[in-house]
Amino acid sequence: MSGATIWLTGLPSAGKTTIAHELATRLEAGGRRVELLDGDEIREFLSAGLGFSREDRHTNVQRIGFVAELLASHGALVLAPVIAPYADSREAVRKRHQREGTAYVEVHVATPVEVCSERDVKGLYAKQAAGEISGLTGVDDPYEAPEAPDLRIESQNQTVAESAEAVYALLAERGLL
């Protein structure tokens with residue numbers, strides 16, 4: 001079976017990782033080999049020492065893109081719930097996949113910042129509001145939303161299962177299951 005990278009981009013607390021876990025469960029139940037590249041884990045292990053400057057964020061996204069393509073080229077469905085705030089960084093990952101002949105699907109989890117700040121899964125929005133941190137993507141650091149993602153999900157308007165089903169349906173439509 002051929003692999004693919006499914007990149008879920010969006011603001012912090014948009015629901016990227018939650019949707020990815022739900023999708024992974026469904027894919028694995030169908031017998032697919034799935035690798036989930038969690039952005040926080042990658043930062044801790046593969047990108048330790050990188051900060052949050054534009055250059056460091058780009059480097060982090062390129063590292064994740066490299067690993068994702070490598071795993072996907074060996075038949076895994078790779079789920080990458082990673083903010084990836086800059087369009088040029090995401091485009092470089094897409095181009096790497098194209099060069100290597102590996103399928104790539106970009107999913108924009110387009111949850112409004114107001115909803116994300118209410119969810120505030122990691123407490124980042126509260127810390128930013130209290131002045132404890134700066135450079136929060138979508139608040140005081142840019143997030144360049146994808147103009148033409150393969151799929152756009154408004155997680156505030158549907159359940160996690162419905163969001164995962166939308167991605168699953170797209171993968172089926174593209175012959176990636």
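How many of the six residues of β1 are buried? Six of the six are, so strand β1 is largely enclosed by the rest of the structure. Keep that strand in mind as you explore this predicted model, in which the chain has seven helices and five strands.

**The chain as a whole**

- If you read along the sequence, the elements follow the pattern β-α-β-α-α-β-α-β-α-α-β-α.
- The radius of gyration is 15 Å, close to the 16 Å that the globule rule gives for 177 residues, so the chain is as compact as a globular protein of that length.
- Along its principal axes, the C-alpha trace spans about 50 × 35 × 30 Å.
- Of the 177 residues in the chain, 45% are buried.
- The accessible surface comes to about 8500 Å², and carbon and sulfur atoms account for 50% of it.
- Among contacts with a separation of 6 or more, 77% are between residues 24 or more positions apart.

**The sheet**

- The five strands form an open sheet in the order β2-β3-β1-β4-β5, with parallel pairing.
- At the edges are β2 (34-36) and β5 (151-153), each of which pairs on one side only.
- From one strand to the next, the twist averages 20°.

**Strand β1 and its two partners**

- Strand β1 (residues 4-9) runs parallel to strand β3 (residues 77-81), and five bridges join them.
- Two residue pairs to look for here are T5 opposite V78 in β3 and I6 with its bridge partner L79, also in β3.
- β1 also pairs with β4 in the parallel sense, over six bridges.
- T5 has a bridge partner in β4 as well, namely Y104.
- In a regular strand, side chains alternate between the two faces of the sheet.
- Which residues of β1 are on each side? A4, I6 and L8 are on one side and T5, W7 and T9 on the other, and all are buried, so that both faces of β1 are covered.

- Helix α7 (residues 160-173) lies across β1, β4 (103-109) and β5.
- Relative to β5, helix α7 runs at about 170°.

**The nonpolar cores**

- The largest nonpolar core has 27 residues, and those with the most contacts inside it are I6, L79, V107 and V167.
- Elements giving two or more residues to this core are β1, α1 (16-29), β3, β4, β5 and α7.
- Which element gives the largest share of this core? It is α1, with five residues.
- Another core, of 14 residues, lies apart from the largest one and has A68, A76, V82 and V93 among its members.

**Two residues with positive phi**

- A84 has a positive phi of about 45°, although it is not a glycine.
- You can find A84 in the loop between β3 and α4 (87-100).
- Is A84 buried or exposed? Its relative accessibility is 2%, which is under the 20% limit, so A84 counts as buried.
- D120 is not a glycine either, yet it has a positive phi of about 40°.
- D120 lies in the loop between α5 (113-119) and α6 (124-129).
- With a relative accessible area of 14%, D120 is also under 20% and therefore buried.

- R96 lies in helix α4.
- Which residues does R96 contact, leaving aside its neighbours within four places in sequence? They are G65, F66 and E69.
- R96 and G65 are 31 residues apart along the chain, and their C-alpha atoms are separated by 7.9 Å.

Definitions and conventions. Residues are numbered from 1 along each chain as its sequence is written. This is a predicted model: local features need pLDDT of at least 70, side-chain atom pairs count only at pLDDT 80 or more; totals for chains, interfaces and linings use all residues. Side-chain values use heavy atoms; hydrogens and water are left out. Two strands pair if DSSP finds at least two bridges between them. Helices (H or I, at least four residues) and strands (E, at least two) are DSSP runs, numbered from the N terminus. Axes are lines fitted to C-alpha atoms, for helices over the stretch in contact, and angles run from 0 to 180 degrees between N-to-C directions. Contact means heavy atoms within 4.5 Å. The radius of gyration is taken over C-alpha atoms; the globule rule is 2.2 Å times the number of residues to the power 0.38. Buried means under 20% relative accessible area, exposed over 50%, partly exposed in between (1.4 Å probe, protein chains only). Accessible areas come from the Shrake-Rupley method with a 1.4 Å probe; for residues, only the protein chains shown count as cover. A nonpolar core is a set of buried Ala, Val, Leu, Ile, Met, Phe, Trp, Tyr and Cys residues joined through side-chain atoms within 4.5 Å.
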